[in-house]
Amino acid sequence: MIVRAVETDGETVNGLFEEIMDYEERTTKYSVFQKDVYPTADLLMHYIKDGIVFLLQNAENEYCGCIVCDYEEPEEYRGLNWTSGKAIVIHLLAISPRQYGKGYGSALVEHIFRFAKEQGCISVKLDTGGQNKPARHLYEKKLGFRVVAVREMNVGGIIEHKEHYFFEHLI
């Protein structure tokens, strides 16, 4: 089940990102997340208060993933070869490392496809780092996104990243 996060879910949402960062310290670092830098608990709570966070609950009634999206395009999206029209932008996607490989990332993105269509959007946009091969595979191979560009980006307006992929999926 996928639900819109509310303020009382702040600790759960933050915990998902903390879990990913802890996991990546012990294994391979795919994301650009940095503890106390991006995303912060305050930023995540701001997103929750704005109503732009969705949580995924698995069959065991445990929250195991979340996605953050709205209509705001980061500055680096300007001037890229996007399809014109209304679009939803996915800013963050987090799946508990204990739940990797179960299709939860696909489920959350597909939920946003349906949500975007209901909102009259023609596309869904997102970006990810070149080092994040699992995410790139998910977006391009499994979900049918197209690569619009590869260039630099300041992730969250904070973390400089040289090889960033920009993706679009037409609804």
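**Close-up views of a predicted model**

**View 1. Lining of the largest pocket.** The residues that line the largest pocket divide into 23 nonpolar, 18 polar and seven charged. The model shown here and in the views that follow is a predicted one. About 1200 Å³ of space lies in this pocket, and of the 48 residues in its lining, those closest to the centre are L93, T128, N132, A135 and Y139. Several elements contribute at least two lining residues each, namely the helices α1 (10-26), α2 (41-49), α3 (104-118) and α4 (133-142), together with the strands β4 (87-95), β5 (123-129) and β6 (146-155).

**View 2. The salt bridge between R98 and E19.** A search of the whole structure finds eight salt bridges, and one of them joins R98 to E19, with the closest N and O atoms 2.8 Å apart. Because R98 lies in the loop between β4 and α3 whereas E19 belongs to helix α1, the pair ties together parts that are 79 residues apart in sequence. R98 is exposed, its relative accessible area being 51%, a value to be read against the cut-off by which a residue counts as exposed over 50%.

View 3. The side chains of D22 and K35 meet in a salt bridge, with a distance of 2.3 Å from N to O. D22 is part of helix α1 and K35 of the loop between α1 and α2, so the contact ties together parts that are 13 residues apart in sequence. D22 counts as partly exposed at 29% relative accessibility, and K35 likewise counts as partly exposed, at 34%.

In a second pair, K162 and E152 meet through their side chains in a salt bridge of 3.9 Å, N to O. This pair links distant parts of the chain, since K162 sits in strand β7 (residues 159-170) and E152 in strand β6, 10 residues apart. K162 counts as exposed at 53% relative accessibility, while E152, at 47%, counts as partly exposed. Returning to D22 and K35, salt bridges that share partners join these two residues and E18 into one network.

**View 4. Helix α3 and the residue G120.** Helix α3 has 15 residues and reaches 21 Å from its first C-alpha to its last, close to the 21 Å expected at 1.5 Å a residue. Buried residues in α3 are Y104, G105, S106, L108, V109, H111, I112, F113, F115 and A116. Just after this helix, G120 takes a positive phi of about 80 degrees.

View 5. The structure holds 10 aromatic pairs. In one of them, the rings of F17 and F33 have their centres 5.2 Å apart and their planes at 70 degrees, so the pair is edge-to-face, the cut-off for that class being over 60 degrees. F17 lies in helix α1 and F33 in the loop between α1 and α2, so this pair ties together parts that are 16 residues apart in sequence. Both F17 and F33 are buried.

F113 and F145 form another aromatic pair, which is tilted, with 5.7 Å from centre to centre and 45 degrees between the planes. Because F113 belongs to helix α3 and F145 to the loop between α4 and β6, the pair ties together parts that are 32 residues apart in sequence.

View 6. G15 is found in helix α1 and is partly exposed, with a relative accessible area of 30%. The C-alpha atoms of G15 and A41 are separated by 9.0 Å, although the two residues are 26 residues apart along the chain. L56 is found in strand β2 (residues 53-57) and is buried, its relative accessible area being 5%, where under 20% is the cut-off for buried. Between the C-alpha atoms of L56 and I95, which are 39 residues apart along the chain, the separation is 9.0 Å.

Key
Residues are numbered from 1 along each chain as its sequence is written. Side-chain values use heavy atoms; hydrogens and water are left out. On a 1 Å grid over the protein atoms alone, a cavity is a set of points where a 1.4 Å probe fits but cannot get out, and a pocket is an open set with protein on both sides within 12 Å along at least five of seven lines; lining residues have an atom within 4 Å of a point. Grid points are joined across faces, edges and corners, and a volume is the space filled by probe spheres set on the points. Helices (H or I, at least four residues) and strands (E, at least two) are DSSP runs, numbered from the N terminus. Ala, Val, Leu, Ile, Met, Phe, Trp, Tyr, Cys and Pro count as nonpolar, Asp, Glu, Lys and Arg as charged, and the others, Gly among them, as polar. A salt bridge is a side-chain nitrogen of Lys or Arg within 4 Å of a carboxyl oxygen of Asp or Glu. Buried means under 20% relative accessible area, exposed over 50%, partly exposed in between (1.4 Å probe, protein chains only). The expected span of a helix is 1.5 Å times one less than its number of residues. Rings of Phe, Tyr and Trp (its six-membered ring) pair if their centres lie within 6.5 Å; planes under 30 degrees apart count as stacked, over 60 as edge-to-face and the rest as tilted.
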